[in-house]
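Good morning, and thank you for making the time. I would like to take you through several local features of one model, and I ask that you keep the structure in view as I speak.

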Amino acid sequence: MKLNSNNYFSKEAQMEYFSVSQYKDFVGTIGMVGCEAQAVAKLRGEWEQEMTTPLLVGSFVDAHFEGTLDVFTAQYPQILKKDGGLRAEYTQAEEIIARIERDEYFMKYLSGKKQVIFTGDIFGVKWKCKVDSFIKDLLICDLKVMASLRKSFWAKDYGSMEFVSYWGYDTQAAVYQKLVEINTGKVLPFYIAGASKEKYPDIEIIGFNQVDLAGTLSLIEPNIKRISQLKKGELAPDRCEVCDYCKHTKVLNKPIHFTKLLLKI
């Protein structure tokens, strides 16, 4: 199928193409346990991620810079008051937007063509991505609105780390860069345009080392065959037993030892 803005998130597109978010649903990240059962349920339309207030704040900022705010507010009318203004819990989004827009350097990275779709074959399967800001022959940029850009995360066997590694945004950087290279023949630098949801929003343009991105991309290949089989229904998905989907659908049949209660991240 040929992808466009109308069918990009369709069930058919999700089945035909891999995406970074789908990949992370299956495999997880350092900071998030992957769940094959939940990932398959999403593909089948049996489970949807809840849109929390923090997610809606970030999505509002994204929609503003995409130029799709009218569509977004129509899709999520709960963010608006009766007079059409934003409810109090979402006004932070406007503050973040104002902070971003008064920084000329930050805005340069968001000045490219918006929501450009790229597809291509990586490790024998078809992938898709939507680039927030694509400046031809120059750079790839993705806008991220985080609770904090400076918060340190701790993970067993890894220690302390920043949000990029913890939430797998380095995987996104590697895949997006490769898809752009497949389509343009050029290896362009990938940047995160990051903004925080703090009282005084922090902003940064965050870059990546090319050696690191090559290494990150190589870690994807060993997981491709199993995910492909799961998507086709050739294998039964494993349950993580800790995600919302597993908590909602679990059926108990025996006790567990108390040491099994801790989530291993």
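This is a predicted model: local features need pLDDT of at least 70, side-chain atom pairs count only at pLDDT 80 or more; totals for chains, interfaces and linings use all residues.

I begin with Phe-123, which is placed in the loop between β3 (113–122) and β4. Helices and strands are named here as DSSP runs, helices being H or I with at least four residues and strands E with at least two, numbered from the N terminus. Residues are numbered from 1 along each chain as its sequence is written, and side-chain values use heavy atoms, with hydrogens and water left out.

What is the phi of Phe-123? The angle is positive, about 60°, although Phe-123 is not a glycine. As background, most residues other than glycine have a negative phi. Phe-123 counts as partly exposed, at 31% relative accessibility. The cut-offs are these: buried means under 20% relative accessible area, exposed means over 50%, and partly exposed lies in between, with a 1.4 Å probe and protein chains only.

Glu-241 is another residue other than glycine with a positive phi, near 65°. Its place is the loop between α11 and α12 (244–249), and at 35% relative accessibility Glu-241 is partly exposed.

Let me turn to helix α3. Seven of its eight residues are buried, so α3 is largely enclosed by the rest of the structure. The buried residues are Glu-36, Ala-37, Gln-38, Ala-39, Val-40, Ala-41 and Leu-43. Against which helices do they pack? The partners are α1 (11–16), α2, α11 and α12, where contact means heavy atoms within 4.5 Å. After α3 comes Gly-45, with a positive phi near 80°.

A salt bridge is taken as a side-chain nitrogen of Lys or Arg within 4 Å of a carboxyl oxygen of Asp or Glu. By this rule, the model has 11 salt bridges. In general terms, side chains of opposite charge can pair when their charged atoms come close.

Glu-36 pairs with Arg-226, and their closest N and O atoms are 2.7 Å apart. This bridge links distant parts of the chain, since Glu-36 belongs to helix α3 (residues 36–43) and Arg-226 to helix α11 (residues 221–231), 190 residues apart. Glu-36 is buried at 13% relative accessible area, whereas Arg-226 is partly exposed at 32%. Asp-238 joins Glu-36 and Arg-226 in a network of salt bridges.

A further bridge is formed by the side chains of Lys-186 and Asp-137, at 2.9 Å from N to O. Lys-186 sits in the loop between α9 and β8 (190–196), and Asp-137 in the loop between β4 (125–135) and β5 (139–146), so this pair ties together parts 49 residues apart in sequence. Lys-186 is partly exposed at 38%, and Asp-137 is partly exposed at 45%.

Arg-150 and Asp-202 also meet through their side chains in a salt bridge, at 2.8 Å from N to O. Arg-150 lies in the loop between β5 and β6 (153–155) and Asp-202 in the loop between β8 and β9 (203–206), so parts 52 residues apart in sequence are tied together. Are these two residues buried or exposed? Arg-150 is exposed, at 54% relative accessible area, while Asp-202 is buried, at 18%.

Finally, I come to helix packing. Helix α2 (residues 20–27) and helix α9 (residues 169–184) pack at an angle of about 135°, with their axes 10 Å apart. Axes are lines fitted to C-alpha atoms, for helices over the stretch in contact, and angles run from 0 to 180 degrees between N-to-C directions. The two helices are therefore oblique to each other; angles under 35 degrees count as roughly parallel, over 145 as roughly antiparallel, 65 to 115 as roughly perpendicular, and the rest as oblique. From α2, the residues Val-20, Tyr-23 and Lys-24 meet Tyr-169, Thr-171, Gln-172, Val-175 and Tyr-176 of α9.

Thr-216 counts as buried, at 12% relative accessibility.
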